[in-house]
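Reader: I have a structure on my screen and would like to learn how to read it. Could you take me through a few of its features?

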Amino acid sequence: MNASIVFRSILFLFLFSLFLPETKGSAETGLPPEAEKAGPHTDMETLLERIENLEKQAKKKTLQQDILKAKIQPVYPSLKMIGFTDFTFSTTDAPGKSTGFREGQFVLHFSSALSQRVSYFAEISMTPRKDAGTGEPTASGFNVEVERSIIRLDQGDQLKISAGRFHTPINWWNNTFHHGAWLQTSIGRPQMIGSFIPVHFLGGTLEGSLPSGELNLYYHLGVGNGRGEIISRAGDAGDINNRPAWLINIVSKPDRFFGLQFGGSVYGDRITKTDGQEFDEMITAAHIVWNKENPEFILEGANIRHKAKAGGEVFYHQAFYIQVAYRVPVFHAALKPYARFEFSDIDQTDPAFEILDLFKKTTITGIRYDLTTLAAIKLEYRRQKKKGASEINSGFAQISFTF
Amino acid sequence: MKQGKTPFKYWIAALFTGLILASFSQRAMASTDIALVAHPAVPIDNLSFPEARKIFLGNRQYWSEDLRITLLIRAPVARERDIMLKTFYQMSEAQFRQYWISKIFRAEVTAGPKVVFSSEMALELVILIPGSITFVDAAQIPKGLKLIKIDGRLPGENGYPLH
């Protein structure tokens, strides 16, 4: 590169010299005649003035750099906050359900670096509930919950050690969207994310990347309190038995297909019901996701096996969903039609899942319109069917945003 | 006025002019490339394209155990940002913003990349912040900064991907 520059410079100088008019100057000093006339004293003054200016400029630059340096010095803790919420209008032909508006979860996220290696993340949700208020009968109000509270130590990309309350990392949707309605394409989440799989996990996890070349493998290992006595709840105030839950999750994001992610998980726990019955639970789950928006494709499923501790009876349950969406490349790419099909097959004879009341089939079609970069309007039609019951049709309109 | 043959020196000048213009046009092509520039202490000179993408996606966050990666990314409307969104991220501006909000939501990072408002600011900060990496127009890089090769290539070389 240097040789090339020298060669170009010589060429340029040579060419320039061919057209240069002859100039006359002093052979002794090399200065133009005007400068010679002015005398050496003026030259010296000019030079001194230039040096002074250069020194001033250098000082100014150093000062600017010092100010910049002070500004960019990391400050701990570095608390940052972000929020999500939504408002939804719904109408349905389901018996006993009314048409009207509903306020969505009001969710606040706090993230803070405590040092270069240690960080903290918290998620607080306020959920409107008919029974969250005071009085008798209870008035409606907001139910406040610490959804996530995670402290993490980074040992590098290969090992990150966390403790706290997590979204159980065995399900892609649960980990990726959960409370952020604006983040997800559709209005609601698939029904398998709720009671079917345990959505919260209290304990410790290890995560990081694995040396895997172009496959780009990431792992997640965890041990902690699994389901509570109410199976949709985590054991926040202590585990309900002496058998901790554990999980293994492996995900690949291959280099060759940028946007593709696939992976699988295994989760084990012992469920202890309020009546003392115990079941060993084993969940196996898998997902494949193309998370670019042209198109967006999500396929995720899970199989749950329950084995009664007394009697050894075994129950199996399955659920999956498939979602497809496409961001239409017109109108500033603000429109995104989508569709989802959900299926669940629950063994109703399983005492561990006796409170689980899922639709067997759910079909959703909708369209998302991105009002701005940070707010979206969604319209959705939902058709749902339970085993042996008639179909339920519902319509939804939602505005969701982050702030 | 005397009519005659064109003097030899003008032929030579024409020839050299052609050569210089050709070399400048090559230089102009190189100047449209975007260069990755890192803090001098970054222990890497060359990255594969997928590895560089992983860094800018925030999926790789450390150069080494002791050195965290700090991303310096130009504010919207800058040509450099548009090129990075097109090549590395393959995202629109809206998707890019959503991507980083999602990443914070998943507790994978505590904050998004640091935003810089000019090439000069990017270059000043990249010298000051250990572990930082940024991208600037290849024509604007002063001497002494650490250029990161992509797949063994520097800006202006055949096959360099960021342009």
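This is a predicted model: local features need pLDDT of at least 70, side-chain atom pairs count only at pLDDT 80 or more; totals for chains, interfaces and linings use all residues.

Reader: Which residues of helix H5 of chain B are buried?

Author: An α-helix has 3.6 residues a turn, so residues three or four places apart point the same way. A residue is buried if 20 or more other C-beta atoms, placed from the backbone, lie within 10 Å of its own, and helices (H or I, at least four residues) and strands (E, at least two) are DSSP runs, numbered from the N terminus. In H5(B), residues 119–128, the buried residues are Ala122(B), Leu125(B) and Val126(B). Seen down the helix axis, they fall within an arc of 100 degrees (taken from the directions from the axis to the C-beta atoms), so they line one face of H5(B).

Reader: What does strand S7 of chain B pair with?

Author: Two strands pair if DSSP finds at least two bridges between them. Strand S1(B), residues 34–38, pairs with S7(B) in the antiparallel sense over 5 bridges, and Leu36(B) has Phe135(B) as its bridge partner. Strand S5(B), residues 70–74, runs parallel to S7(B) and is joined to it by 2 bridges, with Leu71(B) opposite Ile133(B).

Reader: How many residues of chain A are in contact with chain B?

Author: Two residues are in contact if their C-beta atoms, placed from the backbone, lie within 7 Å. By that rule, 34 residues of chain A are in contact with 30 residues of chain B. On the side of chain A, the largest share, 6 residues, comes from helix H1(A).

Reader: Which residues touch the most other members of the largest nonpolar core?

Author: A nonpolar core is a set of buried Ala, Val, Leu, Ile, Met, Phe, Trp, Tyr and Cys residues joined through C-beta atoms within 7 Å. In the largest, of 31 residues, they are Ile170(A), Met192(A), Ile197(A), Ile283(A) and Ala302(A). Strand S13(A) gives the most to this core, with 4 residues. A second, separate core of 26 residues includes Val37(B), Ala52(B), Met84(B) and Val126(B).

Conventions. Residues are numbered from 1 along each chain as its sequence is written. Chains are lettered from A and ligands numbered from 1 in the order in which they are written. A residue is buried if 20 or more other C-beta atoms lie within 10 Å of its own, exposed if 12 or fewer, and partly exposed in between; C-beta atoms are placed from the backbone.
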